[in-house]
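Student: I am new to this structure. Can you show me how to read it, feature by feature?

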Amino acid sequence: MGSDASAAEVDLLRSQIPFQSDGELVLPPLDGAGVGLVLVDVSNGFCTVGAGNLAPAAPNKQIEKLVGEAARLARQFCDRSWPIFAFLDCHFPDKPEDPFPPHCIIGSGEENFVPALEWLENEPNVVIKRKHCIDGYISSIEKDGSNTFADWAGKHQIKTILVLGICTDMCVLDFASSALAARNIGRVPPLQDVVIYSEECATYDLPVEIAMNVKGALAHPQDLMHHVGLCMAKGRGAKVVDRVVFEPSE
């Protein structure tokens with residue numbers, strides 16, 4: 001467990017707000033027309049131990065698993081020249097993001113990819129969007145009213161996005177919810193499905209006994225909130241899968 005929540009407590013939550021997994025997402029071996037990978041905040045500020053106020057204070061299995069799988073899937077997409085859209089949280093020092101402490105400040109290094117993904121910066125099939133708020137879709141709105149994410153989806157004729165990242169119940173959930181709402185009113189053609197890879201999303205861990213001693217803090221047990229985030233996304237219309245596989249080439 002990544003938190004003070006016992007296995008019994010997590011099981012109880014799952015029994016009270018259960019949801020059915022959509023199984024696995026099967027991707028074609030070569031022709032990935034209509035599929036795009038979206039990475040949410042796989043950055044030092046959220047994933048690298050000791051990197052900042054919102055980074056894990058100690059090694060965390062859920063986050064380590066996310067980073068490893070993000071690197072694996074990104075490599076497979078790049079090897080096939082399939083489109084990737086990567087969000088990276090990024091803030092100016094004079095523009096705090098309440099209610100959170102300073103994080104991912106420009107120039108701190110927190111706002112950059114984790115070392116395992118730094119190579120993405122040089123890949124031609126990757127669009128990197130440095131976002132200034134929790135919701136990546138909202139942060140993609142430009143001053144002229146256009147939307148960087150929607151433009152990417154339209155350019156590559158994306159019908160399905162595979163989403164993984166951190167935090168499951170915050171940045172991942174908010175982006176998925178907004179993308180689905182925009183889809184429903186025809187703002188992101190030809191997007192049809194938002195698919196969240198449950199096993200390769202993560203969230204932070206703030207046990208109740210620590211939160212009680214931090215002014216203004218809310219307890220945030222990792223496994224419980226991860227499940228809540230997935231359940232909320234499912235309720236908004238996202239598909240939630242626990243496996244992603246590539247069809248073998250003939």
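Predicted model: local features only at pLDDT ≥ 70, side-chain atom pairs only at ≥ 80, totals over all residues.

Student: Which residues are closest to the centre of the second largest pocket?

Tutor: There are 21 lining residues, and the closest to the centre are Arg14, Gln62, Glu199, Asp223 and His226.

Student: Which helix gives the most to that lining?

Tutor: H8 does, with five residues. Helix H3 (61-79) and H8 each supply at least two.

Student: How many residues of each class line the second largest pocket?

Tutor: Seven are nonpolar, eight are polar and six are charged.

Student: Where does Arg14 sit?

Tutor: Arg14 belongs to helix H1, residues 7-16.

Student: Why is Arg14 called partly exposed?

Tutor: Look at the relative accessible area. Buried means under 20%, and exposed means over 50%. Arg14 has 40%, so it counts as partly exposed. Now compare sequence with space. Arg14 and His227 are 213 residues apart in sequence, yet their C-alpha atoms are 7.5 Å apart.

Student: What is the volume of the largest pocket?

Tutor: The largest pocket has about 930 Å³. Of its 36 lining residues, Asn53, Leu54, Tyr204, Leu206 and His220 are the closest to the centre. The largest share, three residues, comes from H6.

Student: What classes make up the lining of the largest pocket?

Tutor: It has 24 nonpolar, seven polar and five charged residues.

Student: How do I read a helix?

Tutor: Start with the general idea. An α-helix has 3.6 residues a turn, so residues three or four places apart point the same way. Then take H5, residues 148-155. Its residues Phe149, Ala150, Trp152 and Ala153 are buried. Seen down the axis, the buried residues of H5 fall within an arc of 160°, so they line one face of the helix.

Student: What do the buried residues of H5 pack against?

Tutor: Their partners include strand E2 (35-40), strand E3 (84-89) and strand E4 (126-131). Strand E5 (160-165), helix H4 (136-139) and helix H6 (168-184) are also among them.

Student: What is found at the start of H5, and which residue follows H5?

Tutor: At the start, a side-chain oxygen of Asn147 comes within 3.0 Å of the backbone nitrogen of Phe149. After H5 comes Gln157, with a positive phi near 55°.

Student: Which side chain makes a polar contact with the side chain of Lys129?

Tutor: That of Glu142, at 3.1 Å. Leaving aside neighbours within four places in sequence, the residues in contact with Lys129 include Phe85, Ala86, Phe87, Leu88 and Thr148. Ser139, Ser140 and Glu142 are also among them.

How values were computed:
Residues numbered from 1 in each chain as written. Heavy atoms only, no water. Buried < 20%, exposed > 50% of the residue type's maximum accessible area, 1.4 Å probe, protein only. Helix = DSSP H or I, 4+ residues; strand = E, 2+ residues; numbered from the N terminus. Arc of directions from axis to C-beta. Contact = heavy atoms within 4.5 Å. Polar contact = N/O pair within 3.5 Å; in protein donor to acceptor, adjacent residues only side chain to side chain. 1 Å grid on protein atoms, 1.4 Å probe; cavity = no way out; pocket = protein on both sides within 12 Å on 5 of 7 lines; lining within 4 Å. Points joined across faces, edges and corners; volume = space filled by probe spheres on them. Nonpolar A, V, L, I, M, F, W, Y, C, P; charged D, E, K, R; others polar.
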